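Subject: Structure handover

Hello,

Here is the structure I said I would pass on. Please look it over first; my notes follow below.

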Amino acid sequence: MTQTIKAGIVGATGYTGVELLRLLAQHPQVQVAAVTSRGEAGVALADYFPSLRGIYPNLYFQTPDQADLAACDVVFFATPNGVAMQEAPPLLAAGVKVVDLSADYRIQDIATWQQWYGMSHASPEWVARAVYGLSELNRSAIAQAQLVANPGCYPTCVSLPLVPLLQQGCLKSGAPLIADCKSGVSGAGRKASVGSLFAEAGDNFKAYGVGGHRHLPEIRQTINTLQSGVADGLVFVPHLTPLIRGMHATIYLHTEAGVNPHALLAEHYQNSPFVDILPAGSTPETRSVRGANICRISVQQAPQSEVWIILSVIDNLVKGAAGQAVQNMNIMFGIDENAGLNITPLLP
Ligand SMILES: NC(=O)C1=CN([C@@H]2O[C@H](COP(=O)(O)OP(=O)(O)OC[C@H]3O[C@@H](n4cnc5c(N)ncnc54)[C@H](OP(=O)(O)O)[C@@H]3O)[C@@H](O)[C@H]2O)C=CC1
Ligand SMILES: CC(=O)N[C@@H](CCC(=O)OP(=O)(O)O)C(=O)O
């Protein structure tokens, strides 16, 4: 008999929460059983999200309730940083599997996490037991995990193309490794923030976090687990673009002599349905992944230079958040990794 997975979502009125609801609606083995919002408790899903009318007719937002969530097989935390570290441990103790979309369990070094996130960690004992959910990197550990720390959107977009090169020790030690990244505005979440207003973000383009962004230690951690002597060369600068969803990374890197990064990436990801290495000369665009759980990557050498340029695009809400979370859930439950994720990108 096919297994039915009962899922709960904490923070279901946010952008990643509603994206989880969209993806799980077409998942053949998931029943969404509990959805929380403190602000919208008692409101029917369909009344809050017209996009979900007719899909979840009997679901209402409820205030987070440990008993209802503990009755689920898996709970997704689509909440701001600092919530899951408080609310997930009782669920984990009750045997529930947890996928945390926030950053609470991503950084193994607690002092580093506390420095970048400006709070004291409430459940450091679970950090050590969490598996970093970059699906294509940690598939076998995710399959055994009870708690998965879903990566940040920038770290997903930057790390996926670097992983095969780092695993083979191909990046030049001590050389600059520059990740010049752009994000759509939904990356900032649904919470009110002046910078995300249409009048502020529309028809505008700007860098932010130049003096240090909290995804820097996350990308460095991945690099350091795979190849030493490389992370110190990393420069990461995020930019806000007037897109609703979409993320683009332009990565400039130096390899050891004789390495062909394009061939290496193409071979590494040939059996990974959600990572697409484009033919030589192609350029990925964010709309080619809109709404889909895909990272598209191109690799080329800068003319008359030893520098390689890697372009990587994802939808920040899908492969950068909710899609990768569903992919990780599939791996954790030992079901088809593609379940619920066979989505054709929306274009134009
Ligand atoms: N947006 C993106 O592209 C990405 C986001 N992420 C991460 O995913 C998480 C969710 O992001 P996003 O969906 O954008 O955020 P939003 O601000 O859009 O939504 C946050 C949700 O959490 C709920 N919430 C807020 N505070 C609490 C609390 N103390 N306890 C319980 N629920 C709470 C809110 O509902 P209510 O207040 O009514 O309870 C709301 O439903 C964040 O940690 C974010 O950093 C990761 C990758 C990409
Ligand atoms: C455009 C924008 O503001 N993007 C967010 C990244 C969202 C994300 O992935 O943040 P977490 O690591 O907290 O999950 C930012 O730069 O803070």
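Helix axes below are lines fitted to C-alpha atoms over the stretch in contact, and angles run from 0 to 180 degrees between N-to-C directions. Please keep in mind that this is a predicted model.

Helix packing

On that basis, helix H8 (residues 153-167) and H12 pack at an angle of about 100 degrees, and their axes are 8 Å apart. Angles of 65 to 115 degrees count as roughly perpendicular, so H8 is roughly perpendicular to H12. On the H8 side the contact is made by Cys153, Thr156 and Cys157, and on the H12 side by Lys319, Gly320, Ala321 and Gln324. Sorted by class, this contact of H8 with H12 has three nonpolar, three polar and one charged residues.

H8 also packs against helix H11 (residues 261-268), where the axes come within 9 Å and cross at roughly 100 degrees. H8 and H11 are therefore roughly perpendicular to each other. Here H8 contributes Pro161, Pro164 and Leu165, while H11 contributes Pro261, Leu264, Leu265 and His268. The contact of H8 with H11 divides into six nonpolar residues, one polar and no charged.

Domains

The domain assignment of the protein chain gives domain 1 (5-129) and domain 2 (154-315). Their C-alpha centres lie 27 Å apart. Nine residues from domain 1 and seven residues from domain 2 form the contact. On the side of domain 1 that touches domain 2, helix H5 (residues 110-117) gives the most, with three residues. That side of domain 1 is made up of five nonpolar, three polar and one charged residues.

An unreviewed UniProt entry places the feature "domain: Semialdehyde dehydrogenase NAD-binding" at residues 6-145. Over residues 6-145 the chain is 37% helix and 17% strand, with the end C-alpha atoms 17 Å apart.

Ligands

Where does ligand 1 lie relative to domain 1 and domain 2? Both domains give residues to the shell around ligand 1, so the ligand lies between them. There are 31 residues around ligand 1, of which Gly11, Gly14, Ser102, Gly189 and Arg190 come nearest. Helix H1 (15-25) and helix H12 (318-332) each supply at least two residues of this shell. The largest share, three residues, comes from H1. By class, the shell around ligand 1 has 11 nonpolar, 16 polar and four charged residues.

Ligand 2 also lies between domain 1 (5-129) and domain 2 (154-315), because both give residues to the shell around ligand 2. The residues that surround ligand 2 are Asn81, Ser102, Ala103, Gly152, Cys153, Ser183, Gly187, Ala188, His215, Pro238 and Leu240. That shell has five nonpolar and six polar residues, and no charged residues.

Backbone

Two places in the backbone may be worth a look. The peptide bond from leucine 347 to proline 348 is cis, with omega near 5 degrees. Proline 348 lies in the segment after H12. Aspartate 203 has a positive phi, near 50 degrees, in a residue other than glycine. Aspartate 203 is placed in the loop between helix H9 (198-201) and strand E9 (206-207).

Regards

Terms used. Residues are numbered from 1 along each chain as its sequence is written. Chains are lettered from A and ligands numbered from 1 in the order in which they are written. This is a predicted model: local features need pLDDT of at least 70, side-chain atom pairs count only at pLDDT 80 or more; totals for chains, interfaces and linings use all residues. A residue is near a molecule or strand if its C-beta atom, placed from the backbone, lies within 6 Å of it. Helices (H or I, at least four residues) and strands (E, at least two) are DSSP runs, numbered from the N terminus. Ala, Val, Leu, Ile, Met, Phe, Trp, Tyr, Cys and Pro count as nonpolar, Asp, Glu, Lys and Arg as charged, and the others, Gly among them, as polar. Domain bounds come from an automatic or database domain assignment. UniProt positions are given in the numbering used here, feature names are shortened, and annotations may be inferred rather than shown by experiment. Angles under 35 degrees count as roughly parallel, over 145 as roughly antiparallel, 65 to 115 as roughly perpendicular and the rest as oblique. Two residues are in contact if their C-beta atoms, placed from the backbone, lie within 7 Å.
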